[in-house]
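Dear colleague,

I am passing on the structure below, together with some notes on what came out of going through it. Please have it open beside this message as you read.

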Number of protein chains: 2
Amino acid sequence: MKIKMALLLMFALWPSPTAQAQDAHTTAAKPYAHHLMPVPMAVEFQAGRLRLSSSFTYAITGYREARLQNYLERVLRRLEGRTGLTFKRGAASEVAAATLTIDCAGAGLEIPALDENESYALNVDDQHLALRAATTVGAMRGLETFLQLLDADRDGYFFPAVKITDQPRFPWRGLLIDVCRHWQPVEVIKRNIDGLAAMKMNVLHWHLSEDQGFRVEVKKYPKLQQMGSDGLYYTQEQIREVVAYACERGIRVVAEFDMPGHATSWLVGYPELASAPGPYTIERRFGIFDGTLDPTRDATYKFLDNFFKEMTALFPDAYLHIGGDENNGVQWSKNAKIVAFRKAKKLADNEALQAYFNQRVLKILTKYKKKMVGWDEILHPDLPTDIVVQSWRGKKSLAEGAKKGYRGILSNGYYLDHIRSAEYHYANDPIDEASGLSVAEAQRVLGGEACMWGEHVSPETIDSRIWPRLGAVAERLWSPREVKDASDMYRRLAIISTQLEELGLLHQKNAGFMMRRLAAGKHLEPLKTLLEVIEPVDFSTRSNTPPPTTQETPLTRLVDLARPDNHNRREIAALIDELLADAPRFAAGREKALRLFTGWRDGYPAFLALSNESPIVQEAEPLAKQLAQIGAAGLEALAYLHARVAAPAAWRDAKLALLEPEAKPKSKVRIVIFLAMKELIIAAAELSQLPTMTKADWHKQVKALAAEKKK
Amino acid sequence: MKIKMALLLMFALWPSPTAQAQDAHTTAAKPYAHHLMPVPMAVEFQAGRLRLSSSFTYAITGYREARLQNYLERVLRRLEGRTGLTFKRGAASEVAAATLTIDCAGAGLEIPALDENESYALNVDDQHLALRAATTVGAMRGLETFLQLLDADRDGYFFPAVKITDQPRFPWRGLLIDVCRHWQPVEVIKRNIDGLAAMKMNVLHWHLSEDQGFRVEVKKYPKLQQMGSDGLYYTQEQIREVVAYACERGIRVVAEFDMPGHATSWLVGYPELASAPGPYTIERRFGIFDGTLDPTRDATYKFLDNFFKEMTALFPDAYLHIGGDENNGVQWSKNAKIVAFRKAKKLADNEALQAYFNQRVLKILTKYKKKMVGWDEILHPDLPTDIVVQSWRGKKSLAEGAKKGYRGILSNGYYLDHIRSAEYHYANDPIDEASGLSVAEAQRVLGGEACMWGEHVSPETIDSRIWPRLGAVAERLWSPREVKDASDMYRRLAIISTQLEELGLLHQKNAGFMMRRLAAGKHLEPLKTLLEVIEPVDFSTRSNTPPPTTQETPLTRLVDLARPDNHNRREIAALIDELLADAPRFAAGREKALRLFTGWRDGYPAFLALSNESPIVQEAEPLAKQLAQIGAAGLEALAYLHARVAAPAAWRDAKLALLEPEAKPKSKVRIVIFLAMKELIIAAAELSQLPTMTKADWHKQVKALAAEKKK
């Protein structure tokens, strides 16, 4: 099985013709296949190579500060790690002799902010690398580009000569991490901050309170963390440590405290805040719950004032997120006092009551010099336009806000927990070309945030749900709109994924370990065979497939190990296309396909041998069986094609039935090669058409038939 | 290549006949192949199985404390992770209904100490698990055994019925981690403490000062860490955090501050402590350096008094290690004042002067209620017998000390940085059967410590140098002397190795990442082929093979990725033995051998394709070439055997020459399959003898000839 994998991988990394066309677009005459991600605003490769050796030195010629020096040192250690070279420590004694010069115009902002100037220019010729930036943060972004430029040939490592001018398309490029539904310790946050910086993202949106957990130490109200977190919360010292860590990497930290709904964990320690009598316990299940702050009592706002006084001091960013989503209004409608209050205030409905609540919260935030961020639901005519709306609802909602004068960021289409492909997120531009927004309105779309909601991730698995797919979102938010070739994105993403591992991210590493745990140290081969063709089902299918997942469910099963956006979906589709395009010989890729299908077919007995000793994988037996049947069908199809004998319709129908939705075992993972296998089966049955048509038409017809049968 | 690997792995995990014999020995009538490590003092498997389901509950019936509850919760989360089951949180409401009962007689010591009672008994029948222990720490040891007992069959997970009575053979079972030559952050220490606890070890020996770095914050003398550590040191808060973390797991923390030699890093900030004028800088190279504390000045002892006052308060263990090794005396002999002092005190030589120094340090330690530990060199008749001597010199030195009344621990033979096999360490008993020690003397041998010296390890690689080999040392120090079957140890070690990964240890995970980095996201297959047959050279060969390794050398090359004690050395030797034992058919294992040798032979062009793009692996081209030649020779040998035609002597000599030391490329890794391949080549040439001898005699002769030619 492994040879096949490696071959497929090589194939994946080979620049496709489209990718080269894309390069040609961005690099003018020279089709140099770089692996920069995100692609810079303007990049022009030149002839010439700067050779890297252990005599590499650097000089900082302009503004300098510890942040810049430390960032540079970390980048140089990564460069040494990749190349095995040891550089002299410290700056070059003579600036003129330095290989790399860094010229910062000034510090930029003391802490990273929305209006930080992140632009830089990087010029490389065969003697020298010159990085210029307006600010320290701009220099950081340029240093990541510098590191990504590293390339090699037989003669050693080099940087290609290039002229780069770069700045982000959007100023707000973030990742939300939900640390409430499942706890994520400091090291998870730190390594992901490093990943954000490597991808030139600039916001960590820290989702810190939820029905399932309150995750920050609050000194004034210690029962919040003491009773609302199972002991799993960040101390204020840890918060300061993370904020400083992010600042050192040019990343903002935007804290979210979700209210008035999603607030059960607050009510465990402080039931008097609730809109219905307690007692409350931490929620272990997932969904929307009733526990909601009481918007009618002054005591609620007094509490929130003290609370925000402490929290706004802890989080230096100018923005603070109050959530505001998914308040189901159940407690409000059932509470006569609240209903009476609403009527007395002439508030039409619970939405209006929530707007009232938001306005009072806004006053508190304003007092503590913070601007408010919230989800779509907070958008209400009574709120001032300096709030920022985060849209989980979609671009339409975002555009409507922009037209009304509100600034916003897009999250719809960037939900990493939905287990979509990188390509899907990549195609999701925050501003549709047909949005009809004026220039001024479009500028109110500040950018976007990917969301890593916590229902289905543990510290072991979270990196694999964020990376490498987040690279595609990072590029969407940084690079020009015109950079949108998915095939080239995937080529670069595969290389970037390994580089991200240098930062301690476990997205690739943990798959091996989790597989070894599933197999209890026994034979891994049948698990590998299966993992190559599956991925987790989407969020709602997983949520609705029994047994239910709660906060207490161990996330160590096949679904947790399976990686989103399995590249074999694309590789195997390409393999089948290659084979069918080679009609009527059907020789191209045939050997590869034979090995692949044989592996699937023969993997089943091996899988049973494993599952007899590892009960935790028994749930996947139906899938392994189905894969074996598909493998056998694939082998039969290959035989028909090879013999140039059209398969009978009855055979075709029987084999296609294997791929029908009703044939699919109920499971939390899904096999990803159905469409390609449909094509292959249909092709075998359509062989008799081939002599009467051009090859291309025949192939087109096969694809059309397969697509038609796609459910 | 991968199919072969998997087959070899299956082979490795299959209990060998010897292993079963061993089990029979320890488990009386029932040959149940457990994977307990370390093997308990007494273990008797019974008929019956206790089935594990999500209805599992526990009860703590005796003494209870948070340490025990927390330890139990962590063990249960690991159990859930392995099985995918979700247990009800909290203790059973009815003790009688609990699946597991834990009965602790008492707390034991407030912090773990040398005389902690670690004994426990574990009885399992088909209804109930009963763990009894004298102390909380004993219960922790028992809980690790409980977790290791988990097994599975077609019907699900179970615990085999068993009666276990267990206690350690030696009370001091430690691991030294040198965090000075290369810095190791807190998370490295913590995850290794978890590993120690899983292997029932009980001492973390924290080597905290060296020529290359001073790693603890000292408030009274802040220039120690400020100038002696490159900013890489533990704050006192972090030290307390680690000590508490270790205490929670029943692990002592013994701090070492090496003096009077190995002290350069002290002298950077405080050159007045030195025996020769400064200034000093942190050493970047490795070896023995001159910088030594001045033993003649009262100011030195005043400094040390203040220093130890602060450090003894920080480390609660009763013992404190003062190093004392490898003082080369150069500064002392060159300093006229020191020489005069020595003569005035009638001290015969520098050793005597060091003994004088030690006595003064001892007084300080005694004042702060600490007992002294030091390396062999501190052993001197003037020192009292309540010190503990750590022997890097060997068992003879240890036994001599014991005869003189000194207690000691063995480290010679347990140096993990020497890159020996687990089997080698496993065979190294702290007390030779022929030691001639009386019972009282033997009791002075307290145990041993494995040493992870820091020259060649980074946070990325250190786990792979410690684990899983440390399991063999753990078993040597815990289990009865009679438990010594290396083959069975390896069988269990492979299973334990995966379990250790649950604790966050990266010994297996990082190999994949480091390989991906070496290949820069390109084809991994040729690297895998090579890695399957190499391991790092031993410590001194590595140190003496250019280019030299310093503190600044990136540890990201092939040698850092290659794993010690490559299991393929044993697997391939077994494969060749199997083949040759099958004379004259030579069919057993032939397919496997063909695939293996073909992979080696054909791996070379693929390796060159990779090294053309990844210059960091170019250093291994000669090795890849040699392996290809050996693979080709292996294929030729198989052909001779298959045809039953004796190979000519000239062929044999030419092929053996490939394996001669002078043929071996100068490298920091070595190919591990030379002996097996020698056997194969000689066998092909000795074929003409076969008809005249019994198969067994012929095989014996082949092995003897191969051994004879072994260099």
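Which backbone nitrogen does a side-chain oxygen of B:Asn566 reach at the start of α23(B)? Bearing in mind that this is a predicted model, the answer is the backbone nitrogen of B:Asn568, to which the side-chain oxygen of B:Asn566 comes within 2.8 Å.

Elsewhere in chain B, B:Glu283 sits in the loop between α8 (264-269) and α9 (298-314), where it is buried, with a relative accessible area of 15%. The side chain of B:Glu283 makes a polar contact of 3.2 Å with the side chain of B:Arg285, and, leaving aside residues up to four places away in sequence, B:Glu283 touches B:Asp211, B:Gln212, B:Thr264, B:Phe289 and B:Gln551.

Turning to the interface, chain B and chain A bury about 4200 Å² between them, with 55% of that area on carbon and sulfur atoms. In chain B, the residues that lose the most area to chain A are B:Arg154, B:Lys509 and B:Arg516, which together account for 14% of what that side buries. The contact involves 47 residues from chain B and 47 residues from chain A. Between the two chains there are 4 salt bridges and 18 residue pairs in polar contact; one salt bridge joins B:Glu501 and A:Arg516, whose closest N and O atoms are 2.6 Å apart.

In chain A, the peptide bond from A:Met259 to A:Pro260 is cis, with omega near 0°, and A:Pro260 lies in the loop between β11 (252-257) and α8 (264-269). A cis peptide bond also joins A:Ala583 and A:Pro584, with omega about -5°, and A:Pro584 is placed in the loop between α23 (567-581) and α24 (590-611) of chain A. A:Asp230, which is not a glycine, has a positive phi near 55° and is partly exposed at 44% relative accessibility. B:Asp230 likewise has a positive phi, of about 55°, and is partly exposed, with a relative accessible area of 42%.

With best regards

Technical notes
Residues numbered from 1 in each chain as written. Chains lettered and ligands numbered in written order. Predicted model: local features only at pLDDT ≥ 70, side-chain atom pairs only at ≥ 80, totals over all residues. Heavy atoms only, no water. Polar contact = N/O pair within 3.5 Å; in protein donor to acceptor, adjacent residues only side chain to side chain. Helix = DSSP H or I, 4+ residues; strand = E, 2+ residues; numbered from the N terminus. Buried < 20%, exposed > 50% of the residue type's maximum accessible area, 1.4 Å probe, protein only. Contact = heavy atoms within 4.5 Å. Buried area = accessible area lost by both parts, 1.4 Å probe. Salt bridge = Lys/Arg side-chain N within 4 Å of Asp/Glu carboxyl O.
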